[in-house]
Amino acid sequence: MNRGRWEMRSMAYKYYSRHLLRHSHKSTTTTTTTLAAAAAGWRLLSTQLVGDTPLLVRDFIHSALYDPQHGYFSQSPTSVGVLDRSIHFHNLQGRKAYMSHLDKIYKQHHVSWFTPVELFKPWYAHGIAEAILRTTNLSFPLKIYEIGGGSGTCAKGIMDYIMLNAPTRVYTNMSYTSVEISSSLAKKQMETVGEVSSHLSKFKVECRDAADRTGWGISTTACFALCCFYNHVLDNLPHDLIYSENQVSPWMEVWVEKQQDRSALSELYKPMQDPLIKSCLDILNVDKDYRPQETREPSLPSNIWAKMFPKPRRRWLPTGCLKLLETLHGALPKMSMIASDFSYLPDVKIPGERAPLVSTKKDGSSSDHSTYLDAKGDADIFFPTDFWLLERIDHYSSGWLKSRIERFDRSSKQGKKRRTITLDTSVFMEEFGLPTKTKTKDGYNPLLDDFKNTKFYLSVPTHNTK
């Protein structure tokens with residue numbers, strides 16, 4: 001891996017771990033025989049995730065990540081690392097010293113990755129806490145919901161900051177609920193937050209799937225939903241895949257099924273029927289007249305060109321994100337929201353727009369797969385976030401864009417129900433955080449300089465809520 005390629009990977013925290021593991025003195029060389037055996041194992045165990053009935057791709061991905069017996073997060077409870085102490089950046093000379101320090105940390109902890117919340121604690125969480133305090137109405141008791149809280153480091157950092165910097169009544173009357181699908185991480189969160197005894201009366205963990213509407217009541221009061229602090233939420237939400245054999249053929253749903261010999265998996269294409277897939281495609285393709293472009297007939301030149309030079313199309317749709325946001329808007333219609341994740345991923349081998357990176361780590365060496373069908377429960381599957389599309393999904397889930405699409409209504413004078421903004425991580429931290437705390441002696445700042453492919457999305461309600 002050349003230096004330029006390495007620097008691209010260092011932009012995302014998951015790639016820090018890969019570089020360090022692949023270039024450490026303990027890394028091993030995988031032989032062709034080992035790869036062949038591993039591939040056979042992937043095919044065998046992947047088929048355990050699919051029964052006799054085909055699955056939509058999103059259901060296959062959900063099983064590959066979250067199945068209680070075979071899912072990645074069920075088998076890898078230590079995939080996310082926890083640092084024993086904060087990194088003292090001002091004691092490091094620069095980038096070389098920082099990377100050397102990271103190399104040492106990964107060798108000591110034997111984990112897949114550290115999140116930015118962990119690497120830059122407490123400063124990363126403090127920046128988020130400051131954003132909450134500046135964008136919420138503190139006249140009411142502060143209610144915070146965090147989805148995908150990892151080890152609890154972010155929750156503790158936010159509560160610490162509010163305790164020390166907000167008016168006493170804000171901390172005294174606040175509540176903080178973590179919605180966590182992993183039981184092992186839920187337990188770890190209670191331990192982490194419990195390091196400050198006064199936090200425990202305000203903090204609780206609900207071990208459930210945040211996208212399941214039955215787990216939520218209905219809250220008509222203002223609250224803050226903190227989503228996706230890199231802890232397996234937006235990037236690990238299930239996606240669907242659609243396929244078209246050429247540029248003008250209709251899109252088909254992709255399903256996963258066992259091959260006849262039952263030793264491997266293959267794709268099955270069906271006509272578009274799934275409501276979530278249809279809604280997501282409408283959101284993606286709606287034009288300025290609020291009419292889905294896919295409903296229009298392709299032109300004659302387009303048809304001729306497609307027949308002469310057919311080019312298959314594959315497109316990944318964030319249907320899991322749509323389901324989650326529709327659930328949150330239904331349960332918490334007056335919520336404010338902060339979400340953050342990767343805006344793009346380098347070195348993706350899987351084809352299609354917004355395709356995921358599927359990666360397995362074994363014996364200190366990471367390998368990326370060329371197909372998502374290789375995921376067997378020991379592979380992380382994570383997607384880039386299209387923040388332009390995320391904003392559209394937010395407006396759709398709030399009801400504003402949804403009503404216009406359904407009516408093809410451009411003339412309505414009803415204002416948007418959400419005020420939104422997308423910020424680069426460096427801009428967000430310069431505005432709300434204390435970036436001087438993560439600067440090295442020579443001025444290098446990994447929080448601002450290395451996370452170029454990550455963004456923050458902020459969304460708050462307007463007065464147009466009816």
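A: In this predicted model, Gly399 has a relative accessible area of 23% and is therefore partly exposed, since buried would require a value under 20%. Gly399 sits in the loop that links α15 (387-397) to α16 (400-407). Its C-alpha atom is 9.1 Å from that of Glu326, although 73 residues separate the two in sequence.

Thr327 belongs to helix α14, residues 319-331. Thr327 is buried because its relative accessible area is 5%, under the 20% limit. Beyond its neighbours within four places in sequence, Thr327 is in contact with Ala210, Ala211, Asp212, Arg213 and Trp216.

Cysteines are a separate matter. Cys321 is buried, with 6% relative accessibility, and Cys154 is buried too, at 1%. A disulfide is a covalent bond between the sulfur atoms of two cysteines. The rule applied here asks for a pair of cysteine sulfur atoms within 2.5 Å, and the count by that rule is zero disulfides.

In α9, 10 of the 13 residues are buried, so the helix is mostly covered by the definition used. An α-helix has 3.6 residues a turn, so residues three or four places apart point the same way. The length of α9 can be checked as well: at 1.5 Å a residue, its 13 residues (153-165) should span 18 Å, and the end C-alpha atoms are 18 Å apart, so the two values agree.

Back in the loops, two residues other than glycine have a backbone angle worth checking. Most residues other than glycine have a negative phi, and most peptide bonds are trans. Asp347 is not a glycine, yet its phi is positive, about 65 degrees. Asp347 lies in the loop between β10 (335-342) and β11 (357-362), and with 22% relative accessibility it is partly exposed. Arg354 is likewise not a glycine and has a positive phi of about 60 degrees. Arg354 is also placed in the loop between β10 and β11, but at 16% relative accessibility Arg354 counts as buried.

The peptide bond between Lys121 and Pro122 is cis, with omega about 0 degrees. Pro122 is located in the loop between α7 (116-119) and α8 (123-135).

Next come the strands. Thr422 is part of strand β14, residues 418-424, and is partly exposed at 33% relative accessibility. Phe387 is 35 residues from Thr422 along the chain, with 7.2 Å between their C-alpha atoms. Apart from residues up to four places away in sequence, Thr422 touches Phe387, Lys455, Phe456 and Tyr457. Ser459 is in strand β15 (residues 454-461) and is buried at 0% relative accessibility. The side chains of Ser459 and Arg418 make a polar contact of 2.9 Å. With residues up to four places away left out, Ser459 touches Met335, Ser336, Met337, Asp394, Arg418, Arg419 and Thr420.

In a regular strand the side chains alternate between the two faces of the sheet. Strand β3 (residues 175-180) has five of its six residues buried, so β3 is largely enclosed by the rest of the structure. Strand β2 (residues 143-147) runs parallel to β3, and five bridges join them. Within this pairing, Glu146 has Ser178 of β3 as its bridge partner. Strand β4 (residues 203-207) is also parallel to β3 and is joined to it by five bridges. Here Val179 stands opposite Glu206 of β4. From β3 the chain passes through helix α11 (residues 183-193) to β4, a β-α-β crossover that is right-handed.

Methods: Residues are numbered from 1 along each chain as its sequence is written. This is a predicted model: local features need pLDDT of at least 70, side-chain atom pairs count only at pLDDT 80 or more; totals for chains, interfaces and linings use all residues. Side-chain values use heavy atoms; hydrogens and water are left out. Buried means under 20% relative accessible area, exposed over 50%, partly exposed in between (1.4 Å probe, protein chains only). Helices (H or I, at least four residues) and strands (E, at least two) are DSSP runs, numbered from the N terminus. Two strands pair if DSSP finds at least two bridges between them. A crossover is right-handed if, with the strands pointing away from the viewer, the path from the first strand over the helix to the second runs clockwise. The expected span of a helix is 1.5 Å times one less than its number of residues. A polar contact is a pair of N or O atoms within 3.5 Å; within protein, one must be able to donate a hydrogen and the other to accept it, and residues adjacent in sequence count only if both atoms are side-chain atoms. Contact means heavy atoms within 4.5 Å.
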